[in-house]
Amino acid sequence: MARLVALLAISMALILPVSLQAQELKNSGRGTIGEEVVIGSFTVAFFHSKKDKMRTFDGGRKSMEVSLAGVSPEQLQSVTEVAYDEFVSDLAAAGLKVRDRADLATALARSGKIKPFDQGHEVKMYFGRERSQGKVLLFTPDTFGGPVANRDHEGLALMFRGFKMMSVMPSALEFEAVTKSYAKDTGVAVINPLIVIDFADFD
C-alpha cells in the first residue's frame, strides 16, 4: 500500500501542475472556467497490464508485456479516495473554489439514462506515440457511484468503438447533456478529471 501511495504522489506531481492551470482544464464546452468549478466525474485509471515496444541498444525494437499482481480492489479504492482529496486540495491551492456537487449528482441520477460502471471496470487504453495499448481498471470515489463513460477521456476512446459503442455512447452523450445544462444554468464550469496511474514506464 505504501508503494502505491508513493506512486500516486509521483503521478499526481506530474499531472496536476498541468491540469490545474485554469486555461488548460478540459471541459468540452461545459462552461467557462472562472473562480468556481464543480467536479462532474473523477476517474482514476490504474494500468494493470501493458503491451508496448521498446528500443534496444542496437537500434531495433522489442515487444514487452507486463502486468500488476498482488494489489486488491480495496487498495485501489483507497488510493482513489486519496487522489480525489489531493485533487480538490490542489484546486483550492490554485485559487479555484470547488462547489458541492450534490445538485449536479441529483440531476445526473434523475436523468435515468446514465449507466455507471462498477468500480474496477476494465477497459483498454491507448498510450504512447505508437498507440500501444494496455488494460486499466477504472475507479471513482465511493460518493460518485462508479465510473461513467466520458468522451473527455481521449485515451479511453476504445470504449466508443465497435460493438461496445452501442451500449456506452447513449450514457456518455446523456452525461454531456446534463453537465452542459448544469453549467449553463448555474454559470459554474463542470470538469471531469482523469488521473492515470502507471506502474511501469517503458521509456
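Mentor: The model is a predicted one. In it, Arg101 lies over the face of Phe144, at 3.9 Å from the ring centre. That distance is within the 6 Å limit, so Arg101 is placed over the ring.

Phe144 belongs to an aromatic cluster, together with Phe42, Tyr84 and Phe87. The ring-pairing rule gives a count of four aromatic pairs. One of them joins Phe42 and Tyr84, with 5.2 Å from centre to centre and 75 degrees between the planes. Because planes over 60 degrees apart count as edge-to-face, this pair is edge-to-face. The pair links distant parts of the chain, as Phe42 and Tyr84 are 42 residues apart. Phe42 sits in the loop between β1 (36-39) and β2 (43-55), while Tyr84 is in helix α2 (residues 73-93). Phe42 has a relative accessibility of 0%, so Phe42 counts as buried. Tyr84 is buried too, because its relative accessible area is 17% and the cut-off for buried is under 20%.

As a general point, nonpolar side chains tend to be buried together in soluble globular proteins.

Arg101 and Phe144 lead in another direction, to the second largest pocket. Its space is about 230 Å³. The lining has 19 residues, and those closest to the pocket centre are Arg101, Leu108, Pro116, Phe144 and Val148. Helix α3 (residues 102-111) gives the most to this lining, with four residues. By residue type, the lining of the second largest pocket divides into 10 nonpolar, eight polar and one charged.

Beyond helix α3 comes Lys113, in the loop between α3 and β5 (121-127). Lys113 is exposed, because its relative accessible area is 54% and the cut-off for exposed is over 50%. The C-alpha atoms of Lys113 and Ser171 are separated by 5.8 Å, although these residues are 58 apart along the chain. A further pair of this kind is Ser167 and Lys115, 52 residues apart along the chain, with 9.4 Å between their C-alpha atoms. Ser167 is in helix α4 (residues 165-186), and Ser167 counts as exposed because its relative accessibility is 57%.

For the setting of this part, the protein has four helices and eight strands. Along the sequence their pattern reads α-β-β-β-α-β-α-β-β-α-β-β. Of the 203 residues in the protein, 41% are buried.

Key
Residues numbered from 1 in each chain as written. Predicted model: local features only at pLDDT ≥ 70, side-chain atom pairs only at ≥ 80, totals over all residues. Heavy atoms only, no water. Phe/Tyr/Trp six-rings, centres within 6.5 Å; stacked < 30°, edge-to-face > 60°. Helix = DSSP H or I, 4+ residues; strand = E, 2+ residues; numbered from the N terminus. Buried < 20%, exposed > 50% of the residue type's maximum accessible area, 1.4 Å probe, protein only. Lys NZ or Arg CZ within 6 Å of the ring centre and 35° of its normal. 1 Å grid on protein atoms, 1.4 Å probe; cavity = no way out; pocket = protein on both sides within 12 Å on 5 of 7 lines; lining within 4 Å. Points joined across faces, edges and corners; volume = space filled by probe spheres on them. Nonpolar A, V, L, I, M, F, W, Y, C, P; charged D, E, K, R; others polar.
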